[in-house]
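User: I would like to learn how to read a structure like this one. Could you take me through it, one feature at a time?

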Amino acid sequence: MKLLVVRYGRELGKDDPEQARAFLAAAEKIARLPGLIWKIWGYDDSARTAESIYLFDTGEQARAWGDGALRAALGNHPGVSNIEIRYYDVDEQLSAVTRGPLTAGVRA
């Protein structure tokens, strides 16, 4: 398993209706990415930043998205800047102890 962590500047807040519609449409497409187990969306409107954490089955699948279309897709949203992409291995043993949802059974 591989975590993909994306952090970016976000000028428009969660209450911007255009951005909300665009991100909902993006979420529906992202949900169909090969190997995606889940994605968590986070933001701090006061700091004008957002961060997303994805869990993929494999590093290859994470990098196919993260090194592929992700930057262009995210950068097409108004007010998005300074996109940072990082990858992490998952410690499955420790994550299981702390109830990390790592199994395919958590998928819808």
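**A guided reading**

Analyst: Buried means under 20% relative accessible area, exposed means over 50%, and partly exposed lies in between (1.4 Å probe, protein chains only). This is a predicted model, in which local features need pLDDT of at least 70 and side-chain atom pairs count only at pLDDT 80 or more, while totals for chains, interfaces and linings use all residues. Residues are numbered from 1 along each chain as its sequence is written, and side-chain values use heavy atoms, with hydrogens and water left out.

User: Where does Ser52 lie, and which residues is Ser52 in contact with?

Analyst: For the first part, we need elements: helices (H or I, at least four residues) and strands (E, at least two) are DSSP runs, numbered from the N terminus. Ser52 belongs to strand 3. For the second part, contact means heavy atoms within 4.5 Å. Leaving aside neighbours within four places in sequence, Ser52 is in contact with Leu4, Val5, Val6 and Tyr8, and also with Lys39, Ile40 and Trp41.

User: How do I read a nonpolar core, and which residues have the most contacts inside the largest one?

Analyst: The general idea is that in soluble globular proteins, nonpolar side chains tend to be buried together. A nonpolar core here is a set of buried Ala, Val, Leu, Ile, Met, Phe, Trp, Tyr and Cys residues joined through side-chain atoms within 4.5 Å. The largest such core has 19 residues, and those with the most contacts inside it are Leu4, Val6, Tyr8, Tyr54, Phe56 and Trp65. Two or more residues each come from strand 1, helix 1 (17-30), strand 3, helix 2 (59-66), helix 3 (70-75) and strand 4 (80-89). Strand 4 gives the most, with four residues.

User: Which residues does Tyr8 touch?

Analyst: Not counting residues up to four places away in sequence, Tyr8 touches Phe23, Arg48, Thr49, Ala50, Ser52, Leu74, Val80, Ser81, Asn82 and Ile83.

User: How do I read aromatic pairs, and how many are found in the whole structure?

Analyst: A pair of aromatic rings is described by the distance of the centres and the angle of the planes. Rings of Phe, Tyr and Trp (its six-membered ring) pair if their centres lie within 6.5 Å; planes under 30 degrees apart count as stacked, over 60 as edge-to-face and the rest as tilted. The search of the whole structure finds two aromatic pairs. One is Phe23 with Trp41, a tilted pair at 5.9 Å centre to centre and 50° between the planes. This pair links distant parts of the chain, with Phe23 in helix 1 and Trp41 in strand 2 (residues 36-44), 18 residues apart. Phe23 is buried, at a relative accessible area of 10%, whereas Trp41 is partly exposed at 36%. In the pair of Tyr54 and Phe56, the ring centres are 6.0 Å apart and the planes are at 20°, so the pair is stacked. Both Tyr54 and Phe56 are buried.

User: Which residue lies over the face of Trp41?

Analyst: A charge sits over a ring if NZ of Lys or CZ of Arg is within 6 Å of the ring centre and within 35 degrees of the ring normal. Lys39 lies over the face of Trp41, at 3.2 Å from the ring centre. Arg63 lies over the face of Tyr87, at 3.9 Å from the ring centre.

User: What is a salt bridge, and which residue forms one with Arg7?

Analyst: A salt bridge is a side-chain nitrogen of Lys or Arg within 4 Å of a carboxyl oxygen of Asp or Glu. By this rule the count comes to seven salt bridges. Glu51 forms one with Arg7, with the closest N and O atoms 2.9 Å apart. Glu51 lies in strand 3 (residues 49-56) and Arg7 in strand 1 (residues 2-10), so the pair ties together parts that are 44 residues apart in sequence. Arg63 also meets Asp67 in a salt bridge (3.9 Å, N to O); Arg63 is partly exposed at 38% relative accessibility, and Asp67 is exposed at 53%.

User: And what is the phi of Arg48?

Analyst: Phi of Arg48 is near 55°, a positive value in a residue other than glycine. Arg48 sits in the loop between strand 2 and strand 3. Asn82 has a positive phi too, near 50°, but lies in strand 4.
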